[in-house]
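Thanks, everyone. Let me put the model on the screen, and then I'll walk you through it.

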Amino acid sequence: MQPGEIVLEDASRAFDIRGDRGRTVKELLLGKARAGGPPPVQALRDVSLRIEPGETVGIVGRNGAGKSSTLRALAGIVPLDSGGAQCGGRVVTLLELGAGFGRDFDGRENILLNGALHGMTRAEIEERMDAIIAFSELGEFIGVPVKTYSSGMYVRLGFAIAAHIPADVMLIDEVLAVGDEAFQRKCEQRIAERVQEGVTLVLVSHDAALVERTCERVVVLDGGSVAFDGPALEGMAHYHEMMGTVTA
Amino acid sequence: MRYRFLFEQMVRRELRRKYQGSALGVAWYVVNPLVLMGAYYLMFGVVFKVAEHEDYPLFLMVGLVVWIFFSQSLLSAAPALLDQGSLIRKARFPRETIPAAVVAVQAVTFASVLAVVAVITFALRGVGASVVLAPLLLAALFAFVLGLSLLVSVLHAYFRDVAPILAAILLPWFFISPIFFTPGDITGNAAARAALEWLNPAAPFITSIRDVIWGGVWPSAPTVLYVIAAGALALAGGAALFRRMEAELAVVV
């Protein structure tokens, strides 16, 4: 598998939606499921995708279509029931900015912690420290605990860290709309730079304009299956048609 | 080893999260067990004299620090994965760093309190040659505690009853452990004594560590073999179960 290559093969995954899982240790160890209650939701149904290194792919679809599940399967956070999900090289996953920040840590300490969560070593992070701080535009606030940050500052720092992590694949879920308009533009620009460097981008978003600007290829998911896979313009047309939001 | 730095950072965050903004800060980790020891000394050393031992406060303290490390690690490891649920759902990293960081924080406290107790004990009672066994016994204890902590943390993520059950078990467990007595102090019955010594997996750890620090004598060979085996078994078993159950953590927490 080449760095930057992504392969999903007949990926299927169902989620148990009972509020009370009520499983016993015995059932778990024997791998038996309990009967009764609402049936599991099939989030992914035999999804197959092959993405070449350096491609930019937008995943769109209605709520519950399996977009985030696809991303989490690719990131290796949620295992599949059957089929395979593989990403080549270093994968950076952006599902939520600032997840795992220590609220009592200042900005700099959180850069270390968050970088470490993404598998970076101290040397790798230190090397990028100044660039991250500059990108975040936090100025002197970098030295105060993040619990004092506004929500905008919080996500700006989160994005700044993620944007500087060495990666072959970036998986992004709806976290590009960060901060004010100027910062959002900067984020998009940064992503474009990373793509120029050859990073493979998979972006989940409901923002049609953003997907069109950022991605060459679009995958439309519906009910956990691939409904369309092709060039962005056609893909978005298909998506609008499906959603009944075609504008003449 | 790529995640060694993450582990370091998690330990730092854990320490900071607990004691940021308090006047004594990390010192609370040491003050709490010391206060607890004072209370137990009053109860078992002065009020109810269960056992007669030389330098009884020190006798008691060695056992107590071991017990506090054991019980506090398990109690704080149990809810640790749930507490970090948002992180587990959003990022991919080795999940065992979470309970391991919790245990490491407890181990740091344990080591500092034990060092204080040991220095005082050595000053008053002298050092025996058997102290060379201390690193081995402590390593076995750490493996034992880490293994059980991995076990309870992953079990609690699936079955929320684990933490309360654990808390309920630890209380009587404390009283049957040879912390403020030796089994020989409270029963003359050989079978009952053997049961107190061997059926309670915490007992050989307490006894052997007390032997080398307070007693200045060599622990019995079976006791040393027992702690090594218990440490290895707990760690292997805990790690195996963790590995088996960790895949679905992002779904259940």
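Start in the middle. The largest nonpolar core has 147 residues. By nonpolar core I mean a set of buried Ala, Val, Leu, Ile, Met, Phe, Trp, Tyr and Cys residues joined through C-beta atoms within 7 Å. Buried means that 20 or more other C-beta atoms lie within 10 Å of a residue's own; exposed means 12 or fewer, partly exposed is in between, and the C-beta atoms are placed from the backbone. Which members touch the most others? Leu74(A), Leu171(A), Val202(A), Val62(B), Val65(B) and Val66(B). Helix α7 of chain B, residues 134–158, gives this core its largest share, 16 residues. Helices here are DSSP runs of H or I with at least four residues, strands are runs of E with at least two, and both are numbered from the N terminus. Domain 1 and domain 2 of chain A both contribute residues, so the core lies between them.

A word on provenance. This is a predicted model: local features need pLDDT of at least 70, side-chain atom pairs count only at pLDDT 80 or more, and totals for chains, interfaces and linings use all residues. Residues are numbered from 1 along each chain as its sequence is written, while chains are lettered from A and ligands numbered from 1 in the order in which they are written.

Val66(B) touches Leu141(B), Phe205(B), Ile206(B) and Ile209(B), leaving aside residues up to four places away in sequence. Contact means C-beta atoms, placed from the backbone, within 7 Å.

Now α7(B) itself. Is it enclosed or open? Of its 25 residues, 20 are buried, so the rest of the structure largely encloses it. At 1.5 Å a residue, the 25 residues should span 36 Å, and the end C-alpha atoms are 36 Å apart, which agrees. The expected span is 1.5 Å times one less than the number of residues.

On to the rest of chain B. It has 13 helices and 0 strands. Its radius of gyration is 19 Å; a compact globule of 253 residues would have one near 18 Å, which agrees. That radius is taken over C-alpha atoms, and the globule rule is 2.2 Å times the number of residues to the power 0.38. The C-alpha atoms fill a box of roughly 55 × 45 × 35 Å along the principal axes. Buried residues make up 44% of the chain.

How is chain A divided? Domain 1 takes 1–10 + 44–90 + 167–248, and domain 2 takes 98–166. Those bounds come from an automatic or database domain assignment. The domain centres, over C-alpha atoms, are 25 Å apart. Between them, 7 residues of domain 1 contact 7 of domain 2.

Last, the chain interface. How many residues of chain A are in contact with chain B? There are 25, against 21 of chain B. On the chain A side, α1 (25–30), α2 (67–75) and α3 (107–117) are the elements giving two or more residues. The largest share, 4 residues, is from α3(A).

That's the tour. Thank you.

Note on methods: Contact = placed C-beta atoms within 7 Å.
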